[in-house]
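I opened the notebook again today to look at a sheet, a helix pair and a couple of backbone angles. Have the model open beside you and follow along.

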Amino acid sequence: MTQNTPLSPLPPLFPRPAHRFQDAPHRVLSAAQLRARGVSAAQTSAQCLPGGPWQPLLPGVYLLHAGPPSGQERLHGALLYAGRPPASSRRTLPAPSDEGFGEAMVTGLAALALHGFASAPDLEALHRVDVLVPRTRRLRSTRYVEVVRAAALPPPVRLAGVPVAPVERALADAVAGAGAGDAEGVRRMLTEAVRSGHCEPGSLVRELSAAKVLGRPAVVGAVDALLAEGRAAAEGRLYAMVREHHLPEPLWNVELRLPGGPELGGVDAYWPDLAVAVELDTRAPRFGAPEPERRGGNRGAGRTEDPQWSAYAAKRERLERLGITVVHLTPRKLREATEQQATVVRTALMAAGDQEPAAYVMVLPR
């Protein structure tokens, strides 16, 4: 009696053990990433049959477990869908560690949720994820993914392991995508952006202007309040900088005038004994200005002079001709580099003692 030869074991479905897929962030992978891990299109389709362990999430993107995706998985899936390379360049397989996001970044409400906005919906509750891509990408919005295009992309911020648009751009895209019934929500987000220090009002209004949403009712009523609140916040930081860095106490918010002559203009802080003035640049952006360069405008061509900046420059020139040193500070630098700005002011105060005495000017409350 002959002994039966034992049957050879069936080849496994995957050439690599299943645990090799645990490294996928939130277990979401694109078709290209699966191929790079040795999984063919036929094997992927077999896993996604009804009752199978996987499921398609978006075109070319797969969820490697049964059940609904989490908010983070939907986020990763949206970036994988929007970040996949054009068909003409898909022959080169990505390395298994390649996250596959390309140039895509999260924007809109999903980005604001990642930035920590209390007024933005929770990531798990969002029915739509906006993804910012280059304008040249031929990509359609699908399912829960809304594709937003830009001529030039802003530098992304890395949050929760994914690339996210800066607050100003994310807000502009959220406002652009908001419905008419979302006016109150839009106002809350704009107010929180400035009040909580996420961004400066000037840069926010410039982004809203570039997105052509300044004329929307929810935005029109908020802009003046944003600029006023931003100036108050900048003045508060200036007061704190003088106090915390032990600078001499100046005269605050004063008008300068020549005796019997014209007004020279107002300054935010003035040290009369040293003839040093500080001025905050809180100019409101010009709403009719050409689009900023990162949204496709050409700042060098046909550029017109900013009348507000011209007034600032003319006032500074008048004061400096009289021997008054003018230190120009921006709200952003006060917020992000307070110690550096304090050094700038202190240096100007120390250098004033070595200069020729300034002309006598009258100092009046503003």
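How many bridges join strand 11 to strand 12? I found five, with strand 11 (residues 276-280) and strand 12 running parallel. For the record, helices (H or I, at least four residues) and strands (E, at least two) are DSSP runs, numbered from the N terminus.

Before going further, I noted that this is a predicted model: local features need pLDDT of at least 70, side-chain atom pairs count only at pLDDT 80 or more, and totals for chains, interfaces and linings use all residues. Residues are numbered from 1 along each chain as its sequence is written, and side-chain values use heavy atoms, with hydrogens and water left out.

I traced five strands in an open sheet, ordered 12-11-10-9-13, with mixed pairing. Two strands pair if DSSP finds at least two bridges between them. Strand 12 (325-329) and strand 13 (362-365) are at the edges with a single partner strand each, so one side of each has no neighbour in the sheet. From one strand to the next, the twist averages 45 degrees. I also looked up one bridge by residue: Glu279 has His328 in strand 12 as its partner.

Next I checked what packs on this sheet. Helix 11 (residues 338-352) does, touching strand 10 (263-271), strand 11 and strand 12; contact means heavy atoms within 4.5 Å. The direction of helix 11 makes about 180 degrees with that of strand 12. Axes here are lines fitted to C-alpha atoms, for helices over the stretch in contact, and angles run from 0 to 180 degrees between N-to-C directions.

**Entry: a helix pair**

I then turned to helix 6 (residues 183-195) and helix 8 (residues 217-244), whose axes come within 10 Å and cross at roughly 15 degrees. The two helices are therefore roughly parallel to each other (angles under 35 degrees count as such). Which residues meet there? From helix 6 I listed Ala183, Val186, Arg187, Leu190, Thr191, Val194 and Arg195; from helix 8, Pro217, Ala218, Val219, Ala222, Leu226, Glu229 and Gly230. Sorted by type, the contact residues are nine nonpolar, two polar and three charged. Ala, Val, Leu, Ile, Met, Phe, Trp, Tyr, Cys and Pro count as nonpolar, Asp, Glu, Lys and Arg as charged, and the others, Gly among them, as polar.

**Entry: positive phi**

Arg143 is not a glycine, yet its phi is positive, near 50 degrees. I located Arg143 in the loop between strand 5 (129-134) and strand 6 (145-150). Is Arg143 buried or exposed? Its relative accessibility is 58%, so Arg143 counts as exposed (over 50%, with a 1.4 Å probe and protein chains only). Asn253, in strand 9 (residues 251-257), has a positive phi of about 50 degrees and is not a glycine either.

Methods
Angles under 35 degrees count as roughly parallel, over 145 as roughly antiparallel, 65 to 115 as roughly perpendicular and the rest as oblique. Buried means under 20% relative accessible area, exposed over 50%, partly exposed in between (1.4 Å probe, protein chains only).
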